[in-house]
Amino acid sequence: MSLKSFEKLFSGINFAGLHLGNRIALAPMTRVSASEDGLATDRMVKYYSKFASGGFSLLITEGVYPDEQYSQGYLFQPGIANDIQTEAWKKVIDSVHEKGSMIICQLMHAGALSQGNIYQEESLGPSEIKPKGAQLSFYRGDGEFPVPKEMNLQEIEKVKLSFVQAAKNAKKAGFDGVEIHGANGYILDQFLTDYTNHRTDKYGGSVENRVRLLVEVIQVIREELGDEFPVGIRISQAKVNDPDHKWAGKEKDAEIIFSQLAKAGAAFIHITEPKAYDPAFANSKVTLVELAKIHGAVPVIANGGLEDPKQAESLLREGFADIISLGKGALSNQDWVKKVTNKQELEEFNAKDHLLPIANIKDREV
Ligand SMILES: Cc1cc2nc3c(=O)[nH]c(=O)nc-3n(C[C@H](O)[C@H](O)[C@H](O)COP(=O)(O)O)c2cc1C
């Protein structure tokens, strides 16, 4: 494929009100390289700046915790819950903007998957159900997850307000938007998932009820911050602690989930699947990206296994995704965009070299 064949990837776009020079975003990746009290560090300035210099037109930050209570998932995770944390992000944002890229803050409440929290020992979840799997040792976790405390309605309200406050902080810091982390098994996905949510109130039971909290979080942020500041959401079937999970109601669930999120005012939907181009369900032909576009009718980011530019280009050409995001492929090629433009060979991702928690590695180039 000649460079001309990548014209979709390299074409500019007005995405959720942001003018992007190409269709390539950095996927959110937790790097546990903040200070212990959740402040963005110089190491993080260097980390994000490299992707901006490398040509990614949009960077989505690692999951950032929104409150000083239950939301922190990992030790050395950055927060945006107070003024000092908010201020600390400015040097990251300024550096990225100077290099001509945009940067969106991913707001993540870990809920029952919290495994390192400086504010709270207990964890919260929709129901008192022990999460599947084990804590990630890669992020200093050890053993099984504790059983979370079932949230009451006041605690649900508090979580909503913390997302609003964090979004306000993100705007104040200079971020170009926020992405609500509704994916990968964290608190909002715990509400969405049938086996972690056994509630009998308006937040449990039907898919409409299980998606309600995600919808309300978008709505309250939109009410507070208006239309100018993009508020998107990330959705997946797979979870960090259950990678093979699929929605029981398949296409029907997808229709309800995506149409509700779009109706709530989501500025974009970021879909992550292990392989974005694979069918979403067994015996089905459609991808989750396709379903998000059809039922959501909002800009869509596709993520998962798209580091081969031919694959990324052909997915964009199908017309369901507006931009793509790269995780592992970006870690091994922080200048992926430049390399593809210059027809240089891409480096293969390998966990040994590219996945070590950067906080543990002295003097390592990030
Ligand atoms: C080290 C690492 C950390 C991650 N942290 C986050 C995170 O904080 N938030 C999130 O939504 N996804 C996170 N992910 C998932 C990635 O954003 C992405 O969905 C996944 O790596 C699949 O995309 P890829 O095939 O391009 O790597 C993480 C992935 C990796 C490899």
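How far is an oxygen atom of the ligand from a polar backbone atom of K328?

**Entry 1: ground rules.** I note that this is a predicted model, in which local features need pLDDT of at least 70 and side-chain atom pairs count only at pLDDT 80 or more, while totals for chains, interfaces and linings use all residues. Residues are numbered from 1 along each chain as its sequence is written, and side-chain values use heavy atoms, with hydrogens and water left out.

**Entry 2: the ligand.** I looked up K328 and found that a polar atom of its backbone lies 2.7 Å from an oxygen atom of the ligand, which I list as a polar contact (a pair of N or O atoms within 3.5 Å). Of the ligand taken alone, 610 Å² is exposed, and the protein buries 87% of that (accessible areas by the Shrake-Rupley method with a 1.4 Å probe). I then turned to the side chains: a polar atom of R234 is 2.7 Å from a ligand oxygen, and an N or O atom of T272 is 3.1 Å from a ligand oxygen.

I found 18 residues around the ligand, the closest being P28, T30, R234, N303 and K328; a residue is near if one of its heavy atoms lies within 4 Å. This shell divides into 6 nonpolar, 10 polar and 2 charged residues, where Asp, Glu, Lys and Arg count as charged, and Gly is among the polar ones.

**Entry 3: aromatic rings.** A pair of aromatic rings is described by the distance of the centres and the angle of the planes. My search of the whole structure gave 11 aromatic pairs (ring centres within 6.5 Å; planes under 30 degrees apart are stacked, over 60 edge-to-face, the rest tilted). Y47 and F51 have ring centres 5.0 Å apart and planes at 80°, so this pair is edge-to-face. Both sit in helix α1 (residues 42-53), and because they are 4 residues apart, about one helical turn separates them; a helix here is a DSSP run of H or I with at least four residues.

Are Y47 and F51 buried or exposed? Y47 is buried at 2% relative accessibility, and F51 is buried at 0% (buried means under 20%, exposed over 50%, partly exposed in between).

The rings of F191 and Y203, with centres 6.2 Å apart and planes at 80°, also form an edge-to-face pair. This pair links distant parts of the chain, since F191 lies in helix α5 (residues 187-192) and Y203, 12 residues away, in the loop between α5 and α6 (207-210).

I also noted a cluster in which ring pairs link Y47, Y48, F51, F56, W89 and F175.

Definitions and conventions: A polar contact is a pair of N or O atoms within 3.5 Å; within protein, one must be able to donate a hydrogen and the other to accept it, and residues adjacent in sequence count only if both atoms are side-chain atoms. Rings of Phe, Tyr and Trp (its six-membered ring) pair if their centres lie within 6.5 Å; planes under 30 degrees apart count as stacked, over 60 as edge-to-face and the rest as tilted. Helices (H or I, at least four residues) and strands (E, at least two) are DSSP runs, numbered from the N terminus. Buried means under 20% relative accessible area, exposed over 50%, partly exposed in between (1.4 Å probe, protein chains only).
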